[in-house]
Amino acid sequence: MSNPDKKSLSIIMLVLVLIIGATYGISFFARGYQISTKGKVSFLATGIISATSKPKGASVYIDEKLITATDDTINLPPKEYTIKIVKDGYLPWQKTIQVKKEIVYQTDTQLFRSAPDLKPVTLTGAINPSVSPNNSLVIFSVASASAVKDNGLYLLGLNDGPSFLIKNQPKQLSSNLPNIDWSKFTFTFSPNSKQVLAKNITNNVNYLINLDNSTDYKNLYDVTAKLSLIKEEWNAQEQQIIKAKIISLPIEIQALISTNSAKNIVFNSDETKVLYLAQINGNLKKDLISPPPAQSTQNQVRDIKKDNYYVYDLKDGTNFLIGSKDLYNLNWLANSNNLVYVEDQKIQTVEYDNTNKQTLFAGNFNKDAVYPWLDGNKIITLTAPYSNAQENLYSISVR
């Protein structure tokens with residue numbers, strides 16, 4: 001081989017060595033290793049915290065020391081740390097985590113407003129509001145002495161799009177009709193959210209309203225004699241919904257869940273976590289699925305007790321106790337890992353792993369009427385601005 005050929009081959013080999021070395025080095029550092037210069041030069045195994053938040057630009061504290069701002073990554077030696085994320089105008093978020101070598105932990109922090117924005121959704125009152133099982137519709141009646149023409153039956157959609165694009169307005173389904181004053185009725189949705197049973201609270205009259213049809217005399221008739229058949233049909237609908245919900249869950253979880261109501265089994269927005277009410281005592285094995293490397297290190301509860309709410313993470317295989325069945329109006333806040341519920345005349349939120357319990361709103365409101373908007377940015381409730389004032393539906397911007 002001639003000298004020029006040898007030289008070319010040497011250059012090619014050198015380039016290959018550099019490429020392989022650079023690739024290996026990049027992957028080495030990407031896995032969290034750092035160069036330590038204490039004593040002799042060595043590689044230090046670290047873990048990575050990916051500090052993310054909604055909204056972005058929050059301050060990140062590690063063990064009370066300001067480190068960076070979200071969104072950023074932080075390399076740390078393996079051990080337990082307390083991470084705190086704060087932003088002006090928002091409630092602080094804090095969690096103690098175990099950093100493991102070569103593992104990335106993502107905070108995925110949802111920050112909530114410290115001063116929620118309260119705006120009226122209705123102006124002429126809202127009587128006996130009821131939310132659909134899929135949390136997309138609220139039906140209510142109006143009985144205004146100052147705006148009689150507006151009285152009647154109304155439907156509010158909770159998923160009509162971002163508020164900055166569409167101003168959500170309740171739609172009148174029916175004005176008051178001869179012998180029908182809708183303010184005298186209570187409302188119950190069918191399990192599939194397509195029908196509403198309107199029951200007169202002063203006499204034994206019941207109307208079945210199909211939301212796909214217009215609500216007028218042609219479509220309204222007393223169904224009191226058929227109530228047993230309607231309830232039987234609705235029960236069959238609910239059982240189908242329940243079966244569809246639990247089919248994706250491990251058999252061991254299915255056996256524990258109370259299936260007498262679809263409200264006892266609720267998935268979060270991306271269907272990776274399920275809130276469930278336990279119907280019996282039991283115990284969950286540790287490894288129902290192969291745990292991922294970045295499995296949550298928060299305290300789990302695998303010893304299941306009847307009449308308690310739990311959240312099971314389908315991706316992590318983790319299980320967390322939320323509280324007893326006395327938690328009122330418990331539901332997921334859409335597009336988040338947070339639950340909302342009512343306690344002591346407060347609207348509270350807590351993360352799925354039972355950390356970061358916070359108050360979103362406190363005051364005078366109807367605890368039966370607390371409905372998360374389907375984008376998760378606000379909550380609808382029934383309240384009045386002062387004593388003896390007419391109750392209206394208000395939106396509470398929480399994030």
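**Figure 1. Aromatic pairs in the predicted model.** The structure holds 7 aromatic pairs. The model is a predicted one. A pair of aromatic rings is described by the distance of the centres and the angle of the planes.

Figure 2. The ring centres of F185 and Y207 are 5.8 Å apart. Their planes meet at 35 degrees, so this pair is tilted. F185 belongs to strand β17 (residues 185-189). Y207 belongs to strand β19 (residues 206-210). The pair therefore ties together parts that are 22 residues apart in sequence. F185 and Y207 are both buried.

**Figure 3. The cluster around W182.** W182, F185 and Y207 are linked into a cluster by ring pairs.

Figure 4. F320 sits in strand β25 (residues 319-324). Y352 sits in the loop between β28 (346-351) and β29 (358-362). The two residues are 32 residues apart, and their pair links distant parts of the chain. Both F320 and Y352 are buried.

**Figure 5. K273 over Y352.** Y352 also has a charge over its ring. The charged end of K273 sits there, 4.8 Å from the ring centre.

**Figure 6. K378 over W373.** K378 lies over the face of W373. The distance to the ring centre is 4.3 Å.

Methods: Residues numbered from 1 in each chain as written. Predicted model: local features only at pLDDT ≥ 70, side-chain atom pairs only at ≥ 80, totals over all residues. Heavy atoms only, no water. Phe/Tyr/Trp six-rings, centres within 6.5 Å; stacked < 30°, edge-to-face > 60°. Helix = DSSP H or I, 4+ residues; strand = E, 2+ residues; numbered from the N terminus. Buried < 20%, exposed > 50% of the residue type's maximum accessible area, 1.4 Å probe, protein only. Lys NZ or Arg CZ within 6 Å of the ring centre and 35° of its normal.
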